[in-house]
Amino acid sequence: MGRILAAPTIADVRRARERLKGSVVRTPLVRFEDDADGREIYLKLENLQPIGSFKLRGALNRIRSLPREALSEGVYTASAGNMAQGVAWAARELGVPASVVVPDTAPAAKLEAITRLGAVIVKVSYDEWWSTMTHHGRAGMPGVFVHPFADQDVMAGNGTIAFEILEELPDVDAILVPWGGGGLTCGIAATARALRPSVKVYACEVEGAAPLSASFQAGRPVTIENRRSFVDGIGGRGVFEEIWPLVREMVTGVLTVPVADVASAVRLIAQRARAVSEGAGAAALAAARVHGNELDPALRRVACIVSGGNIDSAALATILSGSIP
């Protein structure tokens with residue numbers, strides 16, 4: 001029998017809000033100047049968190065939910081970058097050791113940030129990294145494993161983003177979320193469903209690395225051969241079995257966009273919002289622009305989650321010059 005993962009309740013999200021007070025930034029929700037199909041598009045700038053990513057919310061909520069005695073050997077996670085920084089930041093705040101299992105494809109900018117935050121890096125093959133997430137841990141690693149997405153406390157922390165959006169824009173019609181492993185999407189969807197059930201939540205992927213789209217088409221979680229691009233924060237090998245029932249129930253649909261349109265969205269966020277987004281962080285805006293005409297015309301106000309801003313400077317320079325890394 002596979003693992004059973006429950007969606008966070010609204011009580012879980014409210015507790016997460018209390019745990020995160022004073023450490024997590026209430027990020028701006030800004031109107032994006034765009035004339036595409038007449039919709040109002042808003043950007044939720046999670047790239048402005050202390051670690052440059054929304055991942056701090058879930059990591060900190062999970063670690064603060066643990067009793068102090070459980071942290072005697074520290075914590076560890078499996079992450080290509082942003083969750084690693086979240087766990088490292090939270091561990092440093094609590095004064096406990098942190099380790100990170102990373103794939104050998106992890107970008108240099110994120111590895112440097114992990115080291116700067118004081119975590120020990122354990123570099124492994126992509127297969128070993130994926131196995132660590134699949135099995136919720138790795139033999140021989142000390143401490144408590146913090147799953148980057150398939151964890152109720154992690155999703156509850158992420159759900160605080162939807163809480164903030166609905167407080168500032170109560171008449172929002174749809175929220176577009178980059179799809180990585182599902183912890184952000186499911187956390188937001190669970191919170192939105194509890195507070196305003198009419199809100200539609202769409203998961204956003206990039207072409208060539210779209211396991212959720214393939215799973216929706218197949219009607220079951222599937223594994224794919226993904227194509228690497230500068231969009232490194234989303235596009236895993238497959239959809240986890242324990243995540244599948246949640247996303248199938250709570251997510252309205254999947255929007256898949258070409259890599260070129262994600263690069264264009266990174267550029268537009270820099271030019272119009274004066275903000276730096278990584279590829280994953282720009283996927284939702286790209287989807288709003290590419291798929292705008294396909295969305296229900298009644299969805300007039302759309303919030304796009306800019307999930308992170310940790311992009312290699314060389315890749316950003318290439319994008320701003322009008323090319324694709």
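Just after helix α3, glycine 95 takes a positive phi of about 75 degrees; helices here (H or I, at least four residues) and strands (E, at least two) are DSSP runs, numbered from the N terminus. The model is a predicted one, in which local features need pLDDT of at least 70 and side-chain atom pairs count only at pLDDT 80 or more, while totals for chains, interfaces and linings use all residues. Residues are numbered from 1 along each chain as its sequence is written, and side-chain values rest on heavy atoms, with hydrogens and water left out.

Helix α3 itself covers residues 82-94, and its 13 residues reach 19 Å from the first C-alpha to the last, close to the 18 Å expected at 1.5 Å a residue, where the expected span is 1.5 Å times one less than the number of residues. Ten of the 13 residues of α3 are buried, so the helix is largely enclosed by the rest of the structure; buried means under 20% relative accessible area, exposed over 50%, and partly exposed in between, with a 1.4 Å probe and protein chains only. The buried residues are Asn82, Met83, Ala84, Gln85, Gly86, Val87, Ala88, Trp89, Ala90 and Ala91. Their cover includes α2 (55-64), β3 (75-78), β4 (98-103), α4 (108-116) and α6 (152-168), contact being defined as heavy atoms within 4.5 Å.

Side chains of opposite charge can pair when their charged atoms come close, and the structure holds 16 salt bridges, each a side-chain nitrogen of Lys or Arg within 4 Å of a carboxyl oxygen of Asp or Glu. In one of them, glutamate 167 meets arginine 26 with the closest N and O atoms 2.9 Å apart. This pair links distant parts of the chain, since glutamate 167 belongs to helix α6 and arginine 26 to the loop between α1 (10-20) and β1 (29-32), 141 residues apart. Glutamate 167 is partly exposed at 42% relative accessibility, and arginine 26 is partly exposed at 40%. A network of salt bridges links Arg17, Arg26, Glu167 and Glu168.

A further salt bridge joins the side chains of glutamate 164 and arginine 57, at 3.0 Å from N to O. Glutamate 164 lies in helix α6 and arginine 57 in helix α2, so this pair ties together parts that are 107 residues apart in sequence. Glutamate 164 is buried, with a relative accessible area of 7%, and arginine 57 is buried as well, at 1%.

Arginine 237 and aspartate 127 form another salt bridge, with their closest N and O atoms 2.6 Å apart. Because arginine 237 lies in the loop between α8 (211-218) and α9 (244-250) and aspartate 127 in helix α5 (residues 126-134), the pair ties together parts that are 110 residues apart in sequence. Arginine 237 counts as partly exposed at 24% relative accessibility, and aspartate 127 is partly exposed at 48%.

The sheet comes last. Strands of a sheet pair through backbone hydrogen bonds, either parallel or antiparallel. Here an open sheet of six strands has the order β1-β2-β10-β7-β8-β9, with mixed pairing, two strands being counted as paired if DSSP finds at least two bridges between them. Its edge strands are β1 and β9 (253-257), each of which pairs on one side only. Strand β8 (residues 200-206) pairs with β9 in the parallel sense over five bridges, and cysteine 204 stands opposite leucine 255 in β9.
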